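Student: Please show me how to read the side chains of a protein that is new to me, with the general idea before each case.

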Amino acid sequence: MEEKIIDENKQGEALVLEPQKQNARKLYIESYGCQMNFSDSEIVASILAKEGFNTTQKLEEADLVLVNTCSIRDKAEQTVRKRLEKYNAVKRENPGMKVGVLGCMAERLKSKFLEEEKIVDMVVGPDAYKDLPNLIEEVDAGRDAVNVILSKEETYGDVAPVRLGGNGVTAFVSITRGCDNMCTFCVVPFTRGRERSRDPQSIVAEVNDLAEKGYKEITLLGQNVDSYLWYGGGLKKDFNKATDIQKATATNFAGLLDLVATAQPNMRIRFSTSNPQDMTEDVLHSMAKHKNICNYIHLPVQSGSTRILKEMNRQHTREEYFELIDKVREIIPDCAISQDMITGFPTETEQDHQDTLTLMEYVKYDFGFMFMYSERPGTMAARKLEDDVPEAIKKRRLTEIVNLQQQHSAYRTKQFLGKTVEVLIEKESKKSNKEWSGRTEQNTVAVFPKEHYKVGDFVNVKINDCTTATLIGEAVGYSENN
């Protein structure tokens with residue numbers, strides 16, 4: 001199963017953009033973790049380009065090395081530690097090089113990195129990127145620099161991100177920061193702060209700018225996009241204190257979708273990640289109304305057991321999730337749905353596991369992202385719950401979930417056989433340089449012979465064959481979207 005939240009192919013990618021002649025210093029920036037981190041690295045590169053930094057892919061020539069970190073999974077954290085050891089080995093050869101840690105792990109391990117282990121010069125939390133010029137001045141003067149203060153206002157709505165290492169066709173647009181959900185397994189509310197939304201006009205302006213630059217598809221991005229709520233600024237939790245006029249003129253996620261889809265009717269619109277309790281009917285109606293909003297929803301469920309969902313502090317039950325799935329199928333019949341699933345959560349019984357399998361049978365997800373539970377420091381689960389499901393049982397349950405998902409993925413891809421679908425060409429196929437690879441609006445990968453088509457074209461593709469994850473077909477002409 002490929003993974004949405006943490007794309008293993010992109011982990012540790014050194015991001016590079018067009019050099020600016022006047023810039024004399026070199027920045028090497030690596031990103032780990034979720035799409036939000038990669039999006040944040042683009043914001044950081046944009047801020048530092050104005051401070052005289054060009055990006056480089058050569059670690060050895062860098063004046064400043066930044067690693068954008070993740071605290072969601074232990075694997076990402078271990079990888080970052082190994083990278084910091086590597087940076088410090090290079091630093092011994094190049095003592096003028098400065099090393100900084102950005103993002104979620106920075107916020108959590110600031111004193112350990114700076115004082116105990118002395119492996120970095122600078123620690124910058126996810127809300128402090130605009131303070132980078134000041135922090136770099138501190139570091140240049142030989143002092144350690146730290147800013148991990150979480151903001152109630154910062155959304156970076158006024159920073160135009162530099163698009164790094166992308167394909168020039170698809171781009172992420174961040175619309176919210178932080179999260180209010182407090183799921184017991186997740187560290188995000190503690191590392192990224194409370195939820196706040198960007199001004200919708202700044203989002204539309206960014207989307208319009210991307211369209212002018214030739215981008216064909218955008219993904220609206222947030223820890224929890226469908227709880228987007230703009231009422232003039234401020235935290236979502238403070239909406240009840242807003243004035244009557246603020247409440248009357250507020251923009252919710254359905255309204256934002258409407259604005260973006262109308263502004264660029266030929267641009268595909270996606271969004272990620274959704275939370276079941278915030279996926280309201282008006283969002284589904286906005287999707288059904290605009291043909292350029294892709295019929296695909298990533299709808300993490302995490303468990304099929306209401307008891308475990310309560311332990312996770314998820315704000316939905318098994319039954320409410322079923323009702324939501326039925327509503328999606330009713331309003332958008334050809335909508336693809338994908339899942340996140342955690343197996344082996346503390347106290348999970350065999351019956352809870354069976355509840356997950358029966359939920360999967362009911363939904364038959366197009367694809368999914370499945371993990372064994374691993375305790376994350378700083379979360380409520382780590383503080384309050386014993387990690388009591390043996391490793392061998394976790395592994396067996398995960399295997400059962402993955403095998404079932406593969407059956408369902410095969411079932412879903414077979415539904416495309418004989419149909420003609422629109423595909424946006426993103427890149428060359430991994431397996432053949434004679435084929436293009438792109439995605440349908442349902443987010444399924446399709447490959448087909450190149451012929452005269454090029455990256456960025458919308459092409460109608462007739463599907464002749466498939467695997468569990470990929471459609472195989474032939475182009476039958478441009479779609480009306482070109």
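Predicted model: local features only at pLDDT ≥ 70, side-chain atom pairs only at ≥ 80, totals over all residues.

Student: How many aromatic pairs does the structure hold, and how should I read one?

Tutor: A pair of aromatic rings is described by the distance of the centres and the angle of the planes. Rings of Phe, Tyr and Trp (for Trp, its six-membered ring) pair if their centres lie within 6.5 Å, and planes under 30 degrees apart count as stacked, over 60 as edge-to-face and the rest as tilted. The structure holds seven such pairs. In F345 and Y373 the ring centres are 5.1 Å apart and the planes stand at 70°, so this pair is edge-to-face. F345 belongs to the loop between β16 (336–343) and α13 (350–363), and Y373 to the loop between β17 (367–372) and α14 (380–384), so the pair ties together parts that are 28 residues apart in sequence; these labels are DSSP runs numbered from the N terminus, helices being H or I with at least four residues and strands E with at least two. F367 and F369 are also edge-to-face, because their ring centres are 6.2 Å apart with planes at 70°. F367 counts as buried at 13% relative accessibility, and F369 is buried at 3%. Together with Y296, F367 and F369 form one aromatic cluster.

Student: Where does the charged end of K450 sit?

Tutor: A charge sits over a ring if NZ of Lys or CZ of Arg is within 6 Å of the ring centre and within 35 degrees of the ring normal. Here the charged end of K450 sits over the ring of W436, 4.6 Å from its centre.

Student: What does the count of disulfides come to?

Tutor: A disulfide is a pair of cysteine sulfur atoms within 2.5 Å, and by this rule the count comes to zero. For C183 the closest cysteine sulfur is that of C186, which lies 6.3 Å away, too far for a bond. C183 counts as buried at 10% relative accessibility, and C186 is buried as well, at 17%.

Student: Which residues have the most contacts inside the largest nonpolar core?

Tutor: In soluble globular proteins, nonpolar side chains tend to be buried together. A nonpolar core is a set of buried Ala, Val, Leu, Ile, Met, Phe, Trp, Tyr and Cys residues joined through side-chain atoms within 4.5 Å. The largest one has 49 residues, and those with the most contacts inside it are L220, F253, F271 and M287. Apart from this core lies another, of 21 residues, among them V65, V90, F113 and L114.

Student: How many salt bridges does a search of the whole structure find?

Tutor: Side chains of opposite charge can pair when their charged atoms come close. A salt bridge is a side-chain nitrogen of Lys or Arg within 4 Å of a carboxyl oxygen of Asp or Glu, and the search finds 30 of them. In one, the side chains of R270 and E217 meet at 3.0 Å, N to O. This pair links distant parts of the chain, with R270 in strand β14 (residues 268–272) and E217 in strand β11 (residues 217–221), 53 residues apart. R270 counts as buried at 5% relative accessibility, and E217 is buried at 0%. In another bridge, R397 and E350 have their closest N and O atoms 3.1 Å apart. That pair also links distant parts of the chain, since R397 is in helix α15 (residues 391–414) and E350 is in helix α13, 47 residues apart. R397 counts as buried at 4% relative accessibility, whereas E350 is partly exposed at 31%.

Definitions and conventions
Residues numbered from 1 in each chain as written. Heavy atoms only, no water. Buried < 20%, exposed > 50% of the residue type's maximum accessible area, 1.4 Å probe, protein only.
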